[in-house]
Amino acid sequence: MVATASGKSVTKHDARQDVQNIGVRWDKKMSNNCAAALLVYTMLQIFFVLRFIEAEGISIAPYFALVLLVAVIIPFCRNFERRWATRNHNGLSEQSIAARFRSDQVFLWVLALGLPLLFAGLIKAAGTLF
């Protein structure tokens with residue numbers, strides 16, 4: 001409480017105190033994981049998958065394919081972020097919330113690391129067939 005010149009007391013609002021009372025910011029943690037997973041996924045696409053798509057001649061098609069492959073994971077990341085931003089944790093223990101977070105986190109990273117490998121395998125298999 002802060003006393004004003006008129007003698008009335010007003011409550012001083014501190015945003016940091018609100019954050020401390022909440023505990024773990026699961027939505028923020030998931031958002032950070034999504035951002036990191038998207039960066040790793042994109043780097044894997046650029047440096048790993050693009051080698052399999054590139055043709056001998058100069059073509060813009062591999063770069064369009066790269067944009068398409070990156071666009072594939074964005075809805076998944078957005079879904080994870082939205083789910084944790086709107087999730088109601090009332091009645092759940094901190095351990096239960098942490099377990100749900102960990103399972104979503106593992107699934108997100110399996111997608112981010114596994115899809116580029118899957119795409120490279122599919123491209124390699126298609127190249128041997130044709």
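Here is a short chat about the helices of this predicted model.

Visitor: What should I know about the model before we start?
Guide: It is a predicted model in which local features need pLDDT of at least 70 and side-chain atom pairs count only at pLDDT 80 or more, while totals for chains, interfaces and linings use all residues. Residues are numbered from 1 along each chain as its sequence is written, and side-chain values use heavy atoms, with hydrogens and water left out.

Visitor: At what angle do α2 and α4 pack?
Guide: Helix α2 (residues 26–53) and helix α4 (residues 94–129) pack at about 10°, with their axes 9 Å apart, the axes being lines fitted to C-alpha atoms over the stretch in contact and the angles running from 0 to 180 degrees between N-to-C directions. That makes α2 roughly parallel to α4, a label for angles under 35 degrees.

Visitor: Where does α4 bend?
Guide: α4 bends by about 30° at glycine 114, and proline 116 follows within four residues; the bend is the angle between axes fitted to the seven residues ending there and the seven starting there.

Visitor: Changing topic, is glutamine 45 buried or exposed?
Guide: Glutamine 45, which is found in helix α2, counts as buried because its relative accessibility is 0%, where buried means under 20% relative accessible area with a 1.4 Å probe, protein chains only.

Visitor: And what is glutamine 45 in contact with?
Guide: Leaving aside neighbours within four places in sequence, glutamine 45 is in contact (heavy atoms within 4.5 Å) with Leu50, Leu66, Leu69, Val70, Pro116 and Phe119. The buried residues of α4 include Pro116 and Phe119.

Notes:
Helices (H or I, at least four residues) and strands (E, at least two) are DSSP runs, numbered from the N terminus. Angles under 35 degrees count as roughly parallel, over 145 as roughly antiparallel, 65 to 115 as roughly perpendicular and the rest as oblique. Buried means under 20% relative accessible area, exposed over 50%, partly exposed in between (1.4 Å probe, protein chains only).
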